[in-house]
Amino acid sequence: MHDEAALDVVRADPLCAETPARLLTAPITPAASVYVRSNFALPPLDATHTVAIGGAVRSPFTMSLAELAALPQRHVTVTMECAGNGRLGMDPVPTGEPWRYGAVSTTTWSGVSLRTLLERAGLAPDAVEILGHGADAGPRDDADGDVRFARSLPIADAMHPDTIVATHMAGERLSVDHGAPMRLIVPGWYGMASVKWLARLEAITTPFTGYFQLQRYVYEVNGTVEPVRRTLVKSMITSPIDGGSCARAVTVQGWAWSGAGAIARVELAVNDAPVWIDAALGTPVSAYAWTPFEAELVLPDAATATIRSRATDTAGNAQPEQIQWNRLGYGNNGIRGVVVAVTDEGR
């Protein structure tokens, strides 16, 4: 189970917990502090659990942990973010888990390419999506009976070699909080796509319209609903820390990431100044991991200052000043500042 000292618990049952800000400074998040998102109680699974592959395929089959372990293993280091991360930064605050800004982590997942399993099953020509069913289920206020967690992926994303059925995280077997004994990992997508406690993979011939596809994990604006998919471009300043202090001459560091492409640029601004300063970009530890940035700034001679960051990806997407508010509070990638006390040193 989880180490409470290593996580900031948002809800205890079922567990939803953030990575503490002080632990978001390293390229790889400590394993005990990788954020946790649970929609329902933990399903009672053990090492005998299998995943079924079926639906619109020629040869359905089931796969055990031992059989997965015997296949070629793939390792992907991924920055994964909960779609609701930053919900408390929206105004008014939408319904949903009260996530601050720590529902994002970077770690290495290991397992078997989903493509390997789908190729063995043989997809039907009219298959359009792969539906991942979790073993977790429970009641919802706006649904009849128990709802099982399920999300679908377009065939192209499911067949990407780095979309995997993972059995390990950070070199160790998955913990129950992180989806043991097996889960999906979908680089570049918000975390809801990486279905935990994976029970079934189903090729389907029409787009999925289930609860967690069209009622939750959706952008709902003025009655229009669109499923949440790829991670929006975003940045986060990790040093100096929000609410901390620093000298006027300060080195600003942080991370930027996007599911639509590599990070092309990160800019910094102080307070409401219209001038943005380019930060130097470092090299991410993988194509799916956040990109480090750093810049030397001289803050105004004042008691406090707000340092803001803005990221742009290679697809041309840039963080907006404000996001379009949506009813369920997903995808908050608006420009955010850290407020620091400016010390006498250097003033």
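The legends below accompany close-up views of a predicted model.

**View 1. Strand β7 and its two antiparallel partners.** Strand β7, which spans residues 104-113, has 9 of its 10 residues buried, so it is largely enclosed by the rest of the structure. Strand β6 (residues 74-81) pairs with β7 in the antiparallel sense over 8 bridges, and within this pairing the bridge partner of V78 is T107 in β7. Strand β10, made up of residues 164-169, also runs antiparallel to β7 and is joined to it by 5 bridges; here W109 stands opposite M169 of β10.

**View 2. Helix α2 and the glycine that follows it.** Helix α2 covers residues 114-121, and its buried residues include L114, L117, L118 and A121. Seen down the axis of α2, the buried residues fall within an arc of 95 degrees, so they line one face of the helix. After α2 comes G122, whose phi is positive, at a value near 80 degrees.

**View 3. The open, mixed sheet that contains β19 and β23.** An open sheet is formed by 5 strands in the order β17-β24-β23-β19-β20, with mixed pairing. The edges are taken by β17 (245-246) and β20 (277-278), each of which has a single partner strand, so one side of each is left without a neighbour in the sheet.

View 4. The peptide bond from D13 to P14 is cis, with omega near -5 degrees, and P14 lies in the loop that links β1 (8-11) with β2 (16-18). A cis peptide bond also joins S239 and P240, with an omega of about 0 degrees; P240 is found in the loop between β16 (234-239) and β17.

View 5. Y217 is a residue other than glycine, yet its phi is positive, near 55 degrees; it is placed in the loop between α4 (211-214) and β14 (218-221). With a relative accessible area of 4%, Y217 is buried. N271, likewise not a glycine, has a positive phi of about 55 degrees and belongs to the loop between β19 and β20. The relative accessibility of N271 is 29%, and N271 therefore counts as partly exposed.

**View 6. The cysteines C16 and C82, which are not bonded to one another.** With a disulfide taken as a pair of cysteine sulfur atoms within 2.5 Å, the count comes to 0 disulfides. C16 is accordingly in no disulfide, and the cysteine sulfur nearest to its own, that of C82, is 7.5 Å away. Considered from the other residue, the closest cysteine sulfur to that of C82 is in C16, and the separation of 7.5 Å is too far for a bond. Both side chains can also be placed by their accessibility: C16 is buried at 0% relative accessibility, and C82 is buried with a relative accessible area of 5%.

Key
Residues numbered from 1 in each chain as written. Predicted model: local features only at pLDDT ≥ 70, side-chain atom pairs only at ≥ 80, totals over all residues. Heavy atoms only, no water. Pairing = 2+ DSSP bridges. Helix = DSSP H or I, 4+ residues; strand = E, 2+ residues; numbered from the N terminus. Buried < 20%, exposed > 50% of the residue type's maximum accessible area, 1.4 Å probe, protein only. Arc of directions from axis to C-beta.
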